Amino acid sequence: MPAQYLDEFIRELRRDGDDAFRAHHAAPVIIVTRAEGELIGSESGETTVMAETSGWRMTQVSILNRVFSIGRGAFEKETPMILGRNEKVADIIIPDDSISKRHCLFERTPQGWTITDCGSTNGTEIGEVKLTPNNPYVLKGGETLNMGNFSFLFHTADGFVMYLKRVVKG
């Protein structure tokens, strides 16, 4: 499933209700909650990039509040989901130099969903705890994941529905 913005999920939950939403979104998600550099000089969360020679402007699409599914499709083989900046090796692509080509991976195990840092340059943190490369960490839901210039919020499918409801009330 391609990444969507948080407000698209809120509209879908309101339109379809809890049961239909849960049936359609059964996989855990990560939500981009911080993207350093994107908010500098802009309250909209977008960045203006100036080309040095021609003076033209290009507005990048903001990654803030993007939601990425961690699960694969119903008919796909269950393999780890790789987060990285390289579209040839990563399933979840964060196009920023602070993210390694193959930064970390998410995997369903008998203990639950895990995250493993793949020996990335800038590391992966759960809250304030830096992960040891190649050592899986079991996620419970609600954790903040810090990677490079970005923070993500990990939610199980049920936790995601509760989070969306809190956002709407807030």
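**Close-up views of a predicted protein model**

**View 1. The whole chain, as an opening look.** Buried residues account for 42% of the 170 residues in the protein chain. This is a predicted model, and its protein chain has 2 helices and 14 strands. Take contacts between residues at least 6 apart in sequence: 50% of them join residues at least 24 apart. The accessible surface of the protein chain comes to about 10,000 Å², and carbon and sulfur atoms hold 50% of that surface.

**View 2. Helix H1 meets helix H2.** Here you can follow H1 (residues 6-24) and H2 (residues 157-169), whose axes come within 10 Å and cross at roughly 125°. That angle makes H1 oblique to H2. The crossing of the two helices is left-handed. On the H1 side, the contact is made by Leu6, Phe9, Ile10, Leu13, Arg14, Asp18, Phe21 and Arg22. H2 answers with Asp158, Phe160, Val161, Tyr163, Leu164, Lys165, Val167 and Val168. Sorted by class, the contact has 11 nonpolar and 5 charged residues, with no polar ones.

View 3. Look for Ile99 in the loop between strand S7 (92-93) and strand S8 (104-109). Although it sits in a loop, Ile99 is buried, because its relative accessible area is 0%. Leaving aside neighbours within four places in sequence, Ile99 is in contact with Leu83, Gly84, Arg85, Ile94, Met147, Gly148 and Phe150.

**View 4. Ile99 and Ser120.** These two residues are 21 residues apart along the chain.

Definitions and conventions
Residues are numbered from 1 along each chain as its sequence is written. This is a predicted model: local features need pLDDT of at least 70, side-chain atom pairs count only at pLDDT 80 or more; totals for chains, interfaces and linings use all residues. Side-chain values use heavy atoms; hydrogens and water are left out. Helices (H or I, at least four residues) and strands (E, at least two) are DSSP runs, numbered from the N terminus. Buried means under 20% relative accessible area, exposed over 50%, partly exposed in between (1.4 Å probe, protein chains only). Contact means heavy atoms within 4.5 Å. Accessible areas come from the Shrake-Rupley method with a 1.4 Å probe; for residues, only the protein chains shown count as cover. Axes are lines fitted to C-alpha atoms, for helices over the stretch in contact, and angles run from 0 to 180 degrees between N-to-C directions. Angles under 35 degrees count as roughly parallel, over 145 as roughly antiparallel, 65 to 115 as roughly perpendicular and the rest as oblique. A crossing is left-handed if the near helix is turned anticlockwise from the far one by less than a right angle, and right-handed if clockwise. Ala, Val, Leu, Ile, Met, Phe, Trp, Tyr, Cys and Pro count as nonpolar, Asp, Glu, Lys and Arg as charged, and the others, Gly among them, as polar.
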